Amino acid sequence: MQGARSRSTRAARRISTPSRYAYFHANGFVESGAGGQDLSVGTDNIHSLQPYSEMSLDKAFGNELNPVNMQLRLGYAHEVPDANRAVTVTTQDGTISG
């Protein structure tokens, strides 16, 4: 019978600081509803830029028969362009909500 060899308990650290960018475009449309409940929606363009930072720590424990891998991640992202996107809805009688 052969004994199980122990695994290394060395930790691996990784730090990354990339950015995420997204662009969204929605076409406008018009709907006519029952009893004059019409809906008109204009086009919408949204740009999103999120620089983020992430740090991870990986650690292997145990042996070949009973391996245990642990990972700890900590990350933070922030929206750089205007994060307060306004939506305004106007009804046929002029009532504004949003």
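Colleague: What makes arginine 20 count as lying over the face of tyrosine 52?

Modeller: A charge sits over a ring if NZ of Lys or CZ of Arg is within 6 Å of the ring centre and within 35 degrees of the ring normal. Arginine 20 lies over the face of tyrosine 52, at 4.3 Å from the ring centre. This is a predicted model, in which local features need pLDDT of at least 70 and side-chain atom pairs count only at pLDDT 80 or more, while totals for chains, interfaces and linings use all residues. Residues are numbered from 1 along each chain as its sequence is written, and side-chain values use heavy atoms, with hydrogens and water left out.

Colleague: Why is serine 56 called buried?

Modeller: Buried means under 20% relative accessible area, exposed over 50% and partly exposed in between, with a 1.4 Å probe and protein chains only. Serine 56 has 2% relative accessibility and therefore counts as buried. Serine 56 belongs to strand β5. Contact means heavy atoms within 4.5 Å; leaving aside residues up to four places away in sequence, serine 56 touches Ala12, Arg13, Arg14, Leu72 and Arg73.

Colleague: Why does glutamate 79 count as buried?

Modeller: The relative accessibility of glutamate 79 is 16%, so this residue counts as buried. Glutamate 79 is in the loop between β6 and β7 (89-90).

Colleague: Which side chains make polar contacts with the side chain of glutamate 79?

Modeller: A polar contact is a pair of N or O atoms within 3.5 Å; within protein, one must be able to donate a hydrogen and the other to accept it, and residues adjacent in sequence count only if both atoms are side-chain atoms. The side chain of glutamate 79 has such a contact with that of serine 48 at 2.9 Å, and another with that of glutamine 50 at 3.1 Å.

Colleague: How do you know that β5 and β6 pair?

Modeller: Two strands pair if DSSP finds at least two bridges between them. Strands β5 (residues 44-62) and β6 (residues 67-77) have 11 bridges in the antiparallel sense. Leucine 57 has leucine 72 in β6 as its bridge partner, and a hairpin of four residues joins β5 to β6. Strand β2 (residues 19-26) also pairs with β5 in the antiparallel sense, over eight bridges, with histidine 25 opposite asparagine 45.

Colleague: How many helices and strands does the protein chain have?

Modeller: Helices (H or I, at least four residues) and strands (E, at least two) are DSSP runs, numbered from the N terminus. The protein chain has zero helices and eight strands.
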